[in-house]
Amino acid sequence: MNQPVYTDNDPQNELVTLNLGPTHPATHGVFQNVIQLDGERIVSGVSTIGYIHRAFEKIAEHRPFYQITPLTDRLNYCSSPINNMGWHMTVEKLLNIKMPKRVDYLRVIIMELARISDHIICNTIIAQDTGATTTFLYLFQFREHIYEIYEEICGARLTTNIGRIGGFERDFNEIAFAKINKFLKEFPVALREFESLLNRNRIFIDRTAKVAAVSAEQALDYGWTGPLLRSAGVDYDVRVSDPYSSYEDFDFEVPVGTSGDIYDRYLVRNEEMWQSVRLIEQALEKLKHEPAGIFHADVPEFYLPAKEEVYNNMEALIYHFKIVMGEIDAPKAEVYHSVEGGNGELGFYLINDGGRTPYRLHFRRPSFINYQMFAPMSKGMLLSDAIINMSSMNIIAGELDA
Amino acid sequence: MAEVTNQELIQQLTEKFGEKIVGINEPYGLLTFETTKDVIINVLAFLKQNTLASFNFLTDITAVHYPEKKHGIAVVYHLHSMVNKIRIRVKVFIDEHHPEIPTATTLWNAANWMERETYDLFGVKFEGHPDLRRILNMDELGVHPMLKQYPLEDPNRVDKKDEYFGR
């Protein structure tokens, strides 16, 4: 058994036990790694997780579909909208609802903004952990701008609960579009500056290139997905291989790395931000050709009606009651749906038995599956390299523990 | 890359494993079948290496508890062939009083934590697993909380019964 050894009382022992975490400023989250050190080199490590396990899968068995959206917020809380949309699309797949194109494009805008905010966090944190605080400060304010856009659309910033099953709760207003356009104008400038400070920076390259390199075979064997897998040279992206939300209408590239080291991961994430900007621009362009004002599918029996409707309209009141009580007429079936989250393939495995709540809901959480390689791959690594390796894996504690 | 249909895969699997492959179904286009625990590793290895679409990627392992069934725990594997863009779901129903099944860590290292999570939440013992410990819950918990007999709310409270909360 691979139990962590927390203390060693043997003064003759040459190795030092270092208890890194659960709360440590360098790990950016609730992670514990008990590491045996020989000087600065890691001899062995054991990861302990579960410090913020909230039993979401159990709770989800006791909630109607629409109440599960706030649970998904708290998985990867750096890109909550992707989780929300992924869950909505899972239920829509179960119910066989097809979205109008305009809703798909609005969703693409939100999901790509979320991806940018996720990658901003990861890449600026890599820079921060290698000592480049300036770049962190330059780019990080754009996460704030993205949160302002969310705020305009759904009223919330971090745990967004954005959208509904069947569409959005309200249409994007003028201010939201103005803010998106402003973001599209300002963000590329800042991102270019960010890249010019780091991409060919000797110190940064020395710290990151050839560190924690992972081959494609290893990455696939350990179940890696997302930017981590792509940095190892595998061009797997759920948006392309299994398109959802009309991603097949868009023209974008999937950047891949070659060596799977930290520098490649950084470059892949940067390029994905550029591609996300492209996707948002295309989506805005496509929206001009769609009929205005459509922000949800015409499925009154599944789409939670607006409150004014509920108070003034008999049908809306009935549907509202049935949805809130979980009495919707959903097929007894099981469905797996996955979306490309900030860290990789975010999957939802939903089994419905016709009850008011899911019979079983399982989240395939990319952070959880990506992180299991951390301890084995740290062996023989310098402690300082292991820290930036962890930053570059972008492990989000909420997604790790569910 | 040539398209591989579910029919071709099923034909290939039944040729190889005969009546061990049962309950073939295609919910939402995702090929699903059941098999037994004595051949599960052979089935997974066959899917990984030999079939028309090589299912090189282990997407997920989880379990589902059906208390009313004779074999009450279903261990569910999701595999993915990235080259052929096709997914497959394999289920194994095992006795909930003796929930034992061979480990898939021999085929994919990714199975390690997925199986630990399944053990933690459902008590499924993966035989041959290198490090089968609890992963999310504390070691002293004593129960496997995702089994249906454990209520969500504190059972000693009279005001918060599960039946008021959907189930």
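B:Ile88 touches B:Leu31, B:Leu47, B:Phe55 and B:Leu79, when residues up to four places away in sequence are not counted, and contact here means that the C-beta atoms of two residues, placed from the backbone, lie within 7 Å. The residue lies in strand S5 (residues 86-94) of chain B, where helices (H or I, at least four residues) and strands (E, at least two) are DSSP runs numbered from the N terminus. B:Ile88 is buried, because 21 other C-beta atoms lie within 10 Å; a residue counts as buried with 20 or more other C-beta atoms within 10 Å of its own, as exposed with 12 or fewer, and as partly exposed in between, with C-beta atoms placed from the backbone. B:Thr59 is 29 residues away from B:Ile88 along the chain, and the C-alpha atoms of the two are separated by 9.8 Å.

The model is predicted, and local features need pLDDT of at least 70, side-chain atom pairs count only at pLDDT 80 or more, and totals for chains, interfaces and linings use all residues. Residues are numbered from 1 along each chain as its sequence is written, while chains are lettered from A and ligands numbered from 1 in the order in which they are written.

**Chain B**

Three helices and seven strands make up the secondary structure of chain B, and from the N terminus on these elements run α-β-β-α-β-β-β-β-α-β. The C-alpha trace of the chain spans about 60 × 35 × 25 Å along its principal axes, and 38% of its 167 residues are buried. Of the contacts in chain B between residues at least 6 apart in sequence, 51% join residues at least 24 apart.

Helix H1 (residues 6-17) of chain B has 12 residues and should span 16 Å at 1.5 Å a residue, which agrees with the 16 Å between its end C-alpha atoms; the expected span is 1.5 Å times one less than the number of residues. H1(B) is followed by B:Gly18, whose phi is positive, near 60 degrees.

B:Thr103 lies in the loop between strand S6 (100-102) and H3 of chain B. With 19 other C-beta atoms within 10 Å, B:Thr103 is partly exposed. Leaving aside neighbours within four places in sequence, B:Thr103 is in contact with B:Ala111, B:Glu115, B:Phe126, B:Glu127, B:Gly128 and B:His129.

**The interface and the core**

Between the two chains, 31 residues of chain B are in contact with 39 residues of chain A. Strand S3 (57-65) and helix H3 (111-122) of chain B each supply at least two residues of the side of chain B that touches chain A, and the largest share of that side, six residues, comes from S3(B). By class, this side of chain B has 16 nonpolar, eight polar and seven charged residues, where Ala, Val, Leu, Ile, Met, Phe, Trp, Tyr, Cys and Pro count as nonpolar, Asp, Glu, Lys and Arg as charged, and the others, Gly among them, as polar.

The largest nonpolar core has 151 residues, of which A:Ile109, A:Ala219 and B:Val75 touch the most other members; such a core is a set of buried Ala, Val, Leu, Ile, Met, Phe, Trp, Tyr and Cys residues joined through C-beta atoms within 7 Å. The largest share of this core, 15 residues, comes from helix H4 (residues 101-129) of chain A.

Axes are lines fitted to C-alpha atoms, for helices over the stretch in contact, and angles run from 0 to 180 degrees between N-to-C directions.

| Helix pair | Angle | Axis distance |
|---|---|---|
| H4(A) and H16(A) (residues 383-393) | about 170 degrees | 8 Å |
| H3(A) (residues 80-95) and H4(A) | about 140 degrees | 7 Å |

H4(A) and H16(A) are therefore roughly antiparallel to each other, whereas H3(A) and H4(A) are oblique; angles under 35 degrees count as roughly parallel, over 145 as roughly antiparallel, 65 to 115 as roughly perpendicular and the rest as oblique. In the pair H3(A) and H4(A), A:Ser80, A:Pro81, A:Ile82 and A:Met85 of H3(A) meet A:Arg107, A:Ile110, A:Met111, A:Ala114 and A:Arg115 of H4(A), and the residues of this contact divide into six nonpolar, one polar and two charged.
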